[in-house]
Protein chains: 4
Amino acid sequence: DRPLSIIAGPCQMESRAHALEVAGALKEIAARLNIGLVFKTSFDKANRTSASGARGLGLKQALPVFAEIGSSLGLPVLTDVHEAAQCTEVAQAVDVLQIPAFLCRQTDLLLAAAATGKVVNVKKGQFLAPWDMANVVAKITGGGNPNVLVTERGASFGYNTLVSDMRSLPILARTTGAPVIFDATHSVQQPGGNGTSSGGEREFVPVLARAAVAVGVAGVFIETHPDPDHAPSDGPNMVPLREFEALVRRLMAFDALAKAADPALPK
Amino acid sequence: DRPLSIIAGPCQMESRAHALEVAGALKEIAARLNIGLVFKTSFDKANRTSASGARGLGLKQALPVFAEIGSSLGLPVLTDVHEAAQCTEVAQAVDVLQIPAFLCRQTDLLLAAAATGKVVNVKKGQFLAPWDMANVVAKITGGGNPNVLVTERGASFGYNTLVSDMRSLPILARTTGAPVIFDATHSVQQPGGNGTSSGGEREFVPVLARAAVAVGVAGVFIETHPDPDHAPSDGPNMVPLREFEALVRRLMAFDALAKAADPALPK
Amino acid sequence: DRPLSIIAGPCQMESRAHALEVAGALKEIAARLNIGLVFKTSFDKANRTSASGARGLGLKQALPVFAEIGSSLGLPVLTDVHEAAQCTEVAQAVDVLQIPAFLCRQTDLLLAAAATGKVVNVKKGQFLAPWDMANVVAKITGGGNPNVLVTERGASFGYNTLVSDMRSLPILARTTGAPVIFDATHSVQQPGGNGTSSGGEREFVPVLARAAVAVGVAGVFIETHPDPDHAPSDGPNMVPLREFEALVRRLMAFDALAKAADPALPK
Amino acid sequence: DRPLSIIAGPCQMESRAHALEVAGALKEIAARLNIGLVFKTSFDKANRTSASGARGLGLKQALPVFAEIGSSLGLPVLTDVHEAAQCTEVAQAVDVLQIPAFLCRQTDLLLAAAATGKVVNVKKGQFLAPWDMANVVAKITGGGNPNVLVTERGASFGYNTLVSDMRSLPILARTTGAPVIFDATHSVQQPGGNGTSSGGEREFVPVLARAAVAVGVAGVFIETHPDPDHAPSDGPNMVPLREFEALVRRLMAFDALAKAADPALPK
């Protein structure tokens, strides 16, 4: 029952300057709050709703920036991989390899990520039950890598809607044995909900994050951006950077209570 | 943002002695914790999965017991009604009339309950979206009764399963204007899951209750029983009475934090 | 494997003249097609989305019209009941008592309907799995009435949407032993989808009806109206009366094929 | 409204002999029935539930067998691809590249498949609404390849269950403009339903196939095997080869009726 950690950053790496600016701001917030923070950003949005959606800076340009964030700011870095062949190269520049939810059953990708020895954060597919993730995690640990995180990010609920089943969090912990992360950003996504892009409801990020932390999780994943309404992807569900610190502060209080042995009665 | 209240009691009234025993125990717990508590029990389980399921003591025998609990213990009492013709008589013995989820669209029942002037607690149908409840509440307030509570108790999710969407809680509050109750007992029900009765997963009652209170609710509904495994109905999802006080104590701590203006950082 | 029957009529009885006009037209169509047809209309829409929705002619005015349709046109008549106390009286004027989907678990209503000895058509709740209906049917047959029909009308699928699981049709037949009806009208409903009324997608009525008949059913339920766009309820999902005959004719061809022992190859 | 085609074969290529045996049997059946048939088998099951599941013969061994089936039997061949880098090589040996449902949003894979100029059959993700597939198809046609098929294979419905929404078939046709295939095999899958493998309910393959053909589709996808109960994958939902001909014969009769301008009344 270690204290809550945070995985945060902008959905995609828009430029070196943008990534460094957001990472620097997040580092300061984490220091003020005394909380562990992993910087997350994607070098390639490989599964956009539509082919016309911006995909990010790309692997070649992004890797030096990842390395720079790690070395100059001292922040651990997470990014997602989409094909087995990418894993080795990406692993040289980041600390955590993330498996996207749609790809969580792709055996070769899981094995390649496992083989890097890096921490692997695997997102639960929207089409899976929480107990199904034990098989997914076993593919990674069976590949000789015990450093696995599992992330809840909502389950398909009718068309263009996800629902977050809070029972999933203890079920994931019990059946996989891995630390459980709650992705508060993508859980409020409305997949395909805007026609050629996914919609989202940013107002529910704190709602679901509070619920998950009260249930008890190892970490929360929150995408944040200085100007979400003009971000190239996931804008509708990213938290404005100016609201990020207060949100995390509140989550830390819930986390302390969730993990306390015997809380005092309120006066 | 008044402090959390609790609606609690055994699923059905098994006997006068049983009801008084549980009500007495709950009154003591509520006094120790300094929390508002409404005693809940059903005089008739009118929609059991199977015709062979026990239905409870019945209206005639139950009404004097309801009145006795109110007068001798000073606890407010809630029970559910199933036909319009019952409302007037039941209202004479209880403080809150509850509309079962399956019946939340039955206009005559809602109007009859409204006409008693009592508080009406209407449960959200498993087949409704949270925003659909505005029309349901309007049937009651349009009948001249502003004293309405709305209760979230899960949404249908595939077969024999319910899921609790925590976004529903703020949506219900905003769209109906009524205080929102989270029913932690029936949200963990597996409807029809045992063939001729409904299953349930008691272990998830605290999980979902904590999540809901962290999001922010006016009250939590928790069925409790001295010996749930031998209860005539809803045994699989009732909380053992001996665990009830610790559960509520923990929920009160989450509630205080959820409603605090500016929580301190954990040390 | 008897040939397909049809249950059809306008959603609610708007007036004596309107009911007789539609019933007369349906009788002529049924005679031309040589198909068994039961006339359906509701005397009271007791669970409208909103209290301001029109509810129909009411019990007292409707019963003589039901009797007149039966005696003057020779059409069997079906209508729905909502409270146990209505069953005896309604049974004197109609041939089939229908239990609405929301009420399919209300034991007293099922028993009262069973006690009339009339055929009881019970709709599967949107919140039930098909195998759950065995318990519902057992309440009626256990009440001494073997004349039960079960109707599939869609299952909750996220918010404001229903989905028709075609596997449900053989499962209902096998687990209940009763003839299975497919309600093509309410299966395309979008519950609460228009804010203060339910939406629907009339264009999918033939789609789902064809699918169900190809799977194999005893009957199809289709609401029809001379002018659905101006009907007081269920307009969005009623079939225009002028399209009804061609639709049923096509369904009859699918039905013959579905029930044929060994169909010839198309040339 | 061309007559129905069939995509059929064993889930995975178990050996050269096995593939040729089944392909030969299917070719004879197709000739007897005078129906277009595409032979389907997978060289690699890249997303098994568990890492211990058999994955098939592999790319290198399978490609010559695909080519042999095409040249010696004259059957067009379909297989699925999982990474962009495979597309060019696989395209040299087969006629149709299939995109697995989990991967239907992976832009690079879609573009690589499109670039081969072969027909691309893309399966609808279990997590997508039918109208979301317009964006998926646009990725392929935007890549300069107009030869696209879209396949319905069920939507997530709670945990470990899929449901086939028959409305999806006309919606896919209208919104994508592509011929629509109904995958009757994977639509009856119970994902993860057996713990370390997916379950299935073979008995519902004809049920859903009949429904889909009655609605109207360009083709049906049916996995078949001489001994499904001993097949290394998807056994629970494959049709025994000895039942295949009668099933297709029946589907052809439904197809002729579905596409007939004005069917005669049954006598």
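1. Chain D and chain A bury about 3200 Å² between them in this predicted model. Of that area, 47% lies on carbon and sulfur atoms. The contact draws on 35 residues from chain D and 35 residues from chain A.

2. The polar side of this interface can be listed briefly. Between chain D and chain A there are 16 residue pairs in polar contact, both residues being at pLDDT 80 or more. The count of salt bridges between chain D and chain A is 2. One of them joins A:Arg55 to D:Asp108, with the closest N and O atoms 2.9 Å apart. On the side of chain D that touches chain A, the elements giving two or more residues are helix H4 (107-115) and helix H5 (133-141) of chain D.

3. How are chain B and chain A related? A rotation of 180 degrees, with 0.0 Å of shift along its axis, superposes chain B on chain A, and the RMSD is 0.0 Å. The two copies are therefore related as by a two-fold rotation axis. In chain B, the C-alpha nearest the axis belongs to B:Ala211 and lies 2.0 Å from the axis. Both copies use the same surface, since 100% of the contact residues of chain B recur in chain A.

4. Helix H2 of chain C (residues 59-73) has a length that can be checked. At 1.5 Å a residue, its 15 residues should span 21 Å; the end C-alpha atoms are 21 Å apart, so the two values agree. The expected span is 1.5 Å times one less than the number of residues, which is the step to remember when repeating the sum. After H2(C) comes C:Gly74, whose phi is positive, near 70 degrees.

5. Which residues of H2(C) are buried? They are C:Leu59, C:Ala62, C:Leu63, C:Val65, C:Phe66, C:Ile69 and C:Leu73.

6. C:Ser164 sits in a loop of chain C, between strand E8 (162-163) and helix H6 (168-176). Is C:Ser164 buried or exposed? Its relative accessible area is 2%, so C:Ser164 is buried, the cut-off for buried being under 20%. Leaving out residues up to four places away in sequence, C:Ser164 touches C:Gly154, C:Phe182, C:Ser187 and C:Leu208, and also D:Ser164 of chain D.

Key: Residues numbered from 1 in each chain as written. Chains lettered and ligands numbered in written order. Predicted model: local features only at pLDDT ≥ 70, side-chain atom pairs only at ≥ 80, totals over all residues. Heavy atoms only, no water. Helix = DSSP H or I, 4+ residues; strand = E, 2+ residues; numbered from the N terminus. Buried < 20%, exposed > 50% of the residue type's maximum accessible area, 1.4 Å probe, protein only. Contact = heavy atoms within 4.5 Å. Least-squares fit on C-alpha atoms with pLDDT ≥ 70 in both. Buried area = accessible area lost by both parts, 1.4 Å probe. Salt bridge = Lys/Arg side-chain N within 4 Å of Asp/Glu carboxyl O. Polar contact = N/O pair within 3.5 Å; in protein donor to acceptor, adjacent residues only side chain to side chain.
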